[in-house]
2 protein chains.
Amino acid sequence: MKTFSLLRSAAWLLVICSSLQARANTAYADDSTHQEKYVLVIHGGAGTILKKNMTAQKEAAYKAGLEEALKTGYNALQAGKSSLDAVEATIRVLEDNPLFNAGKGAVFTHDGRNEMDAAIMNGKTLEAGSVAGVSTIRNPISAARAVMEKSEHVMMAGRGAEQFAKEAGLEIVDPSYFRTEERWEGLQKALKADSMKSRLDHSYQPAGKLGVENIDNKFGTVGCVALDKAGNLAAGTSTGGMTNKKYGRIGDAPIIGAGTYANNNTVAVSCTGWGEFFIRSVVAYDLSALMAYKGLTVQEAGKAVIEKVGTLGGNGGLIALDKNGRAALPFNTEGMYRGMVTAEGKITIEIYK
Amino acid sequence: MKTFSLLRSAAWLLVICSSLQARANTAYADDSTHQEKYVLVIHGGAGTILKKNMTAQKEAAYKAGLEEALKTGYNALQAGKSSLDAVEATIRVLEDNPLFNAGKGAVFTHDGRNEMDAAIMNGKTLEAGSVAGVSTIRNPISAARAVMEKSEHVMMAGRGAEQFAKEAGLEIVDPSYFRTEERWEGLQKALKADSMKSRLDHSYQPAGKLGVENIDNKFGTVGCVALDKAGNLAAGTSTGGMTNKKYGRIGDAPIIGAGTYANNNTVAVSCTGWGEFFIRSVVAYDLSALMAYKGLTVQEAGKAVIEKVGTLGGNGGLIALDKNGRAALPFNTEGMYRGMVTAEGKITIEIYK
């Protein structure tokens, strides 16, 4: 009798716990509008994106760029292609669009160069590839994929990566291909601010802090996560990094686990924002770990990791798509260029908070 | 009465659960000899290290090198210095020792160069710094620390990183400083094997797989984790990477979360092995996440992450030190150069399984 009573009470306790857990999840799910089955999600960078600073024409151009990318990815998935194919095709569209800080239209380094980073990961096999600091490869995301599929390595940097891409048959361009006037002016402005700062601010110590502070110049990365008909997840990210970056700086985008991660058991993630904080927080893998080890939903885990970045003093956002097609797009900046497409082809595009 | 019975039963259930959990932990702890309070742990690389291939003289030289490093770190901690200081000082000793594949004695790339990577992380602040592909900085671990403390960035690569190190006042050397005859012969052997393979093996497709396979040439990284008197953890890793590496390949050592991670709430970790698999598994951060989110002990988590690397087909090892001074040194290779020192100064050095 005593045993029976204990078992019954234990069972009752389990019911209470399960119910509390379910309620916690539901409370979160209710906050989100992203409970349909999505198949492809993109971002075009997070940052100080305010409606008051945007012209109707510019907003329309960004939306058209995001829509073109979404349609490209959706068509690939509809045609039965893999999530990896869809992610690569979608990011190539964003890289070729000069509005985004990736491929053509990448920001300039302190030395007036375009040095790009990109990464891709296959959630089915956990294979990954990335390139960092490349200046001659038209589509860095395709170079990342070539590293994954045509080499024994995961990450390659600089001229070595460019040499590899050439041998792998990718399109090589003159570095001037990436130049846009808007980005060049952005660098001139940043250089002037830097120089003003060193002349006017007595607390500014170039010898002590050799890096540069570009609070408003570090965003604009593009990324894509997708779920294909076979249930495989993939993630990719591509970026020109920070305007005025120095010293061969590498951000989070090409770092597997930081800016890019995909695992069929959990989620596909692509990040954008102040890369240094995303590296220190291992954001993309942390999101996956919170789902795998703590049972959090993609929305809960997404919110948690962006909060951690905020606690350290960083900002940015991410896109995440779980194995069931549930999406989360958290960010703690003023805005994030973003878009989603459902299995039925319904497209949603948003820019502001 | 019913409520009281329920509460009593619930409490009893909790006791059972706690006891099972404790027993599970103990079962593991019993398997391990690393339950004393350790303050500093090092590795000098994992790989095909067999007693039958080792001369008594060579073994003694390795042990002396490891002992010198351990004593350096221990003395720093005893003098009240931070775990960060101890990790840097310890790794500098290993970098300066030509026996280990880091700093002087680094392996050669395919092009006959020494390109080194290093990373360091502060468990108290989650600040981190790393350099990749540097050829002129005498102590790459100190460059990683300078990136962390004297720049806004976390990761720098190539000539940019070298320029930064110079401006930060670090010792710059001629690239020939790193050369040792043993490593040069290692490259010649690898090049010959590569060439033989391409001539003899019809299944070898240099056009398809542009990377190189160097099953026995990818180990020898050095690393250190430490816990100081203030209870702060730190981790550092330094390496020359793989013999015969090409295309600016970056391994796991300089990637925060993959080869190096430290967090005062959980653990400090430094990895060694086949870097590509450690990147894909986000090994160092995964170990921390398993402790933080699943409540695993450092031994359980260490074993789990090395098993995951093995499942993907990779091999290697790691050192991990938790916030209470418990150490784990799992590896799935034939051997791993490793050593530990307790709070009382007791030194243990091991090489083989």
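User: B:Arg145, buried or exposed?
Analyst: In this predicted model, B:Arg145 is buried, at a relative accessible area of 13%. The cut-off for that label is under 20%.

User: Which residue forms a salt bridge with B:Arg145?
Analyst: The partner is B:Glu88, and the closest N and O atoms of the pair lie 2.8 Å apart. The two residues belong to distant parts of the chain: B:Arg145 sits in helix α4 (residues 140–150) and B:Glu88 in helix α3 (residues 83–96), 57 residues apart.

User: And B:Glu88, buried or exposed?
Analyst: B:Glu88 is buried, with a relative accessible area of 15%.

User: What does B:Asp96 meet in a salt bridge?
Analyst: The side chain of B:Asp96 meets that of B:Arg138, with an N to O distance of 3.4 Å. B:Asp96 lies in helix α3 of chain B, while B:Arg138 lies in the loop between β3 (127–134) and α4, so this pair ties together parts 42 residues apart in sequence.

User: What is the relative accessible area of B:Asp96, and of B:Arg138?
Analyst: The value for B:Asp96 is 27%, which makes this residue partly exposed. B:Arg138 is partly exposed as well, with 24%.

User: Now the strands. Which side chain meets B:Arg338 in a salt bridge?
Analyst: It is the side chain of B:Glu350, at 3.7 Å from N to O.

User: What is the relative accessibility of B:Arg338, and of B:Glu350?
Analyst: B:Arg338 counts as buried at 7% relative accessibility, whereas B:Glu350 counts as partly exposed at 33%.

User: Switching to chain A: which residues are linked in a network of salt bridges?
Analyst: A:Asp85, A:Glu88, A:Arg145 and A:Glu149 form such a network.

User: How many helices and strands has chain A?
Analyst: Chain A has nine helices and 13 strands.

User: What share of its residues do buried residues make up?
Analyst: Of the 353 residues in chain A, 58% are buried.

User: What about contacts between residues 24 or more positions apart in chain A?
Analyst: They account for 71% of the chain A contacts that have a separation of 6 or more.

User: And what does the accessible surface of chain A come to?
Analyst: The accessible surface of chain A is about 13,900 Å², and carbon and sulfur atoms supply 52% of that area.

Methods: Residues numbered from 1 in each chain as written. Chains lettered and ligands numbered in written order. Predicted model: local features only at pLDDT ≥ 70, side-chain atom pairs only at ≥ 80, totals over all residues. Heavy atoms only, no water. Salt bridge = Lys/Arg side-chain N within 4 Å of Asp/Glu carboxyl O. Helix = DSSP H or I, 4+ residues; strand = E, 2+ residues; numbered from the N terminus. Buried < 20%, exposed > 50% of the residue type's maximum accessible area, 1.4 Å probe, protein only. Contact = heavy atoms within 4.5 Å. Areas by Shrake-Rupley, 256 points an atom, 1.4 Å probe, with all protein chains shown as cover.
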